[in-house]
Amino acid sequence: MIEIKNLCKSYNGVMALNNVTMDINDDDIFGLIGTNGAGKSTLLRIISGVIKQDSGEVLVDGESVFENPSAKEKLCFISDSDMFPQNSTPASMSEICRAVYKDFDQTRFEFMSNKLGMGKNSNIRNYSKGMKRQLKLLLALSSGAKYILCDEAFDGLDPVIRQTVKSIMAEEVYDRKIVPVIASHNLREIEDISGRIGLLHKGSVLLSEQLEDIKFQSQKFQVVLQDVSQEATISSLIHPISIDRSGSLFTVIARGQRDGIKKAVNSLDPVFFEFLPLTLEEIFITETEACGYDLRKIFA
Amino acid sequence: MISEKSLHKLIKINLKSNMYLAFLSFVTFLLCFPVRLLFLNQTIDNNYTTSNTELIYQQTRMIQQVLERAGILPTVILMVFAFIMAAFNFKYMHSSASEDFYHSIPIKRKKLFLIRYINGAVLILTPYILANILGMILGLIITPTPYSAIPIMLYAMLRRIVCFMAVYSCVVFSMVITGRTFIGCLTAVFFMSFLPGCLTLYYSIVGVCYQHILNHDLSYMFLNTSAFSPASSIYYHFGDIFSVMISIGYAIIFLILGIILYDRRPSESAGEAYSWEITKNIFKFMITIPTSFLTGYLIYSLSGADMVVTDRTWFAFSTLFSVCIYSLIIDMIFNQGPIKLKKGIKLTAAAFLTDVLILIIMICDPFGMDTYIPKASELRSVGFSSGYETYYQGTIMFDPDASIKAEMNQTTDFTPILKTVSRSMNNSVDHAETENISTDDGNISVDKTIPCTVCYVLKSGRKVYRIYAVDVKSHEKLLSTLTKNKDFNKHASLFRTEIQGPSTEAVITDWNTQVSINKSIPLLQPDIRLLQKALKKDSESMTYSDYKNSTALFDISLICSDSNYDYDSNNTAYISEMYIYPEYKNTLEFLRKRGVSTKGGKNMIDEITNITYQPYVNGNISINISGKEKIKTFLSSVKRIPDIGNPRTDIKSIGYVNIYYKNKSKYANQGIFVRIADIDKVTKILEEDKNE
């Protein structure tokens, strides 16, 4: 388990992380999402021990990470850059990983890299961005690390490889109980694979819960009211996060359980009322809008 | 946790991936050592060597230049490699993408640092050592170098390795404290040049602001400041074991600091100028102040200034103006553009005020540094030098710095020196004081005083150097007193310095006519040592007054048959010409034993066709004197002087005489400086010939 407690980090007077507290459990696939500049990469770097926090602590299975190789052995960080050491090849990279990760699975790595057409002595400098990403993911999955931290690691991969990697990851989760922590702006993908979501905005945690729970606690529905002036009544009854009006059709997202909302809306005797599935993207937008991150305001 | 075995593995992996650098290093040093030896050996042409001895001598010199301490080329190349390797190996700290990789893998920063540090050194030093050893073996095979030279060659190799490590560690440390490779390289240059540069600048600026604080020459400055740089410390104290220890010290200190600071280095500083904000401010402050003074000094020098109030004003103005400009430029370099300039204003103001304070101290001298004369009770001894020995005793190439000479010419009987310098201070004699003499060609400027260097050695051991402008009379009186002291004479004698290098024969010429009075006599090294001993003994017993009142009999010049011997590049002081006086009993005895007639030159009057005389104050005039009697009268009325001398108080009676001989194949035309001894006779002759 990764425990993050009251984490603070600032750069040049700008607060990148402000009292971040969240847990990443062993049976999670953790999706880390957030607005631009929210602090996702900073958080991942602190968890992986690349940078040191100003205050707070990060514990990986009870051990502090920074400058602690035994804790770091449980982590493998895939950054969003495509940097490799100079003149490196898949063979030399696997040698380095073998030297630092004692559980590195060389056989598995060779098998996977051959399947993907990566010659072991080919110069990585000549690889495309996507191939470099593939290689990074293969190395991470072969490292034997328990926690795989991916910072927009699937960007640049073609759909086939993307699917393959996700399958391998799922297998690893099932077999070896690895815990992927995936930071991405591709919310559909996150929604597909993640069990737990952490949403960051301006360095703070807006929510950190199981996706199912988030969806359970928020509802989206469409309603056509008898009288459009009843909009105010609805607002007072259910305190919606957002209301979109198109004529007399209201599309509402509100916090609360389904039964409660159903009862409240039905009390107004609507002409039409239907619950709709709530996507992660909508949750993202509504939660961040509630904090003032509103597109209309940006372009006002 | 990473095991030792894994650590070795990582080192091996890193070495393997950078093997091409080792190859490059090996090729370079192969060219420096065995290839260069073979090439140089080929160029030593037997046809031009007169003997086997000469061949051996040249081969020995070749070995010294390539494999021993004299060889500077391999040292420079190693330093360049050290610089490049350190920057290359540690630039990963300057990229956030690289740091994401290296700092996320399960390895402690210290170990990562050491892996890269060791690898960088091994990649360059291993090929260097191999090539050097190959060169040594080849040198022993192709030349008759004895095996006893092996420790010397190994010592030279060790010195270069130590120099490499000092520079390498310094650059690595610079990479740790910075966030961009370019800034890291500049910082490394800063560390290697800051202290020597500041000291050299200080020594130069004292000449601008102070009249009496000695302005040392570059060789003195290099000798005394080289210890303060990891790049030049290996040359401190003439490169002895002490210099090796200093260089090792630099290597260790920079390495330890590098490790400690790397542990604490924030990874997010990649891309910033410096790893910590405070470091940036410190460097900015330390760069702007000396560079502003350097600019002020350069403007002062280029304007041809000469200690006038307005020139000091320009010096001060240029310094203060440039501190603002440099501060701005440095901010732009650090911030990669004209952003955050407002933030730097406070520091600029602090640098400006510091410059003002330094200028006040230097120009106004509130602590009386310029006028400081130690009390007699504080002194252990005092040294004095005015260069009289190079006027009377002989000529010297690459004369040591006046401060070194003053340091050597120490005496405990220093009361006359203190009296003289106090008097010159009280008279406020400006060492640049001159007198303008009008001539047909316009005014010429003549020094009225003699610059005298004094070295006060305090009882604490501290040495204080000063320069005073002493009037002619006081100078003569002082030297007359000092040279009566045999101890002073021993150190002040020109012949404490080495006579010319690998000489083989001596040419002796008559003092007045400069015609050779003997066939050249063979003089090899043992003879030269004996000659030097005799000259030293004779000069020690002559006082200043003795020299002034005497006339030399002849000059001795030594000929070096090694036409390739490059005195200039060796840059060491040596006597090129000696003046022999009738009072030099030991020297004359030495010459007599070698068949030299010491009675003086042949009477050359019959051999002369004509002479010309050019008065110093009127160089355009050349008066021709012909006729045996006139020539005889003229030459008997003038006295040859070795040089114009300083000060030229009798400037109107000094001139240049050209002597033309009938038998040009036997006697080359000669030119000498003379002083007119009998003004009436000479005036008459000159008037007659002028009219003709």
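In chain A, 8 residues of domain 1 are in contact with 9 residues of domain 2, where contact means C-beta atoms, placed from the backbone, within 7 Å. This is a predicted model, in which local features need pLDDT of at least 70, side-chain atom pairs count only at pLDDT 80 or more, and totals for chains, interfaces and linings use all residues. Residues are numbered from 1 along each chain as its sequence is written, with chains lettered from A and ligands numbered from 1 in the order in which they are written.

**Domains of chain A**
- On the domain 1 side that touches domain 2, α7 (187-193) and β9 (196-201) each give two or more residues.
- That side of domain 1 has 5 nonpolar residues, 2 polar and 1 charged; Ala, Val, Leu, Ile, Met, Phe, Trp, Tyr, Cys and Pro count as nonpolar, Asp, Glu, Lys and Arg as charged, and the others, Gly among them, as polar.
- Domain 1 covers 2-202 and domain 2 covers 214-298, with bounds from an automatic or database domain assignment.
- The centres of the two domains, taken over C-alpha atoms, are 37 Å apart.

**Chain A overall**
- Chain A has 12 helices and 14 strands, which are DSSP runs numbered from the N terminus (helices H or I, at least four residues; strands E, at least two).
- Its C-alpha atoms fill a box of roughly 70 × 40 × 40 Å along the principal axes.

**Strands of chain B**
- Strand β16 (residues 670-676) of chain B runs antiparallel to β14 (residues 638-641), joined by 4 bridges; pairing requires at least two DSSP bridges.
- Ile641(B) is opposite Phe673(B) of β16(B).
- β15 (residues 654-661) of chain B is also antiparallel to β16(B), through 6 bridges.
- Gln670(B) in β16(B) is the bridge partner of Ile659(B).

Terms used:
Contact = placed C-beta atoms within 7 Å.
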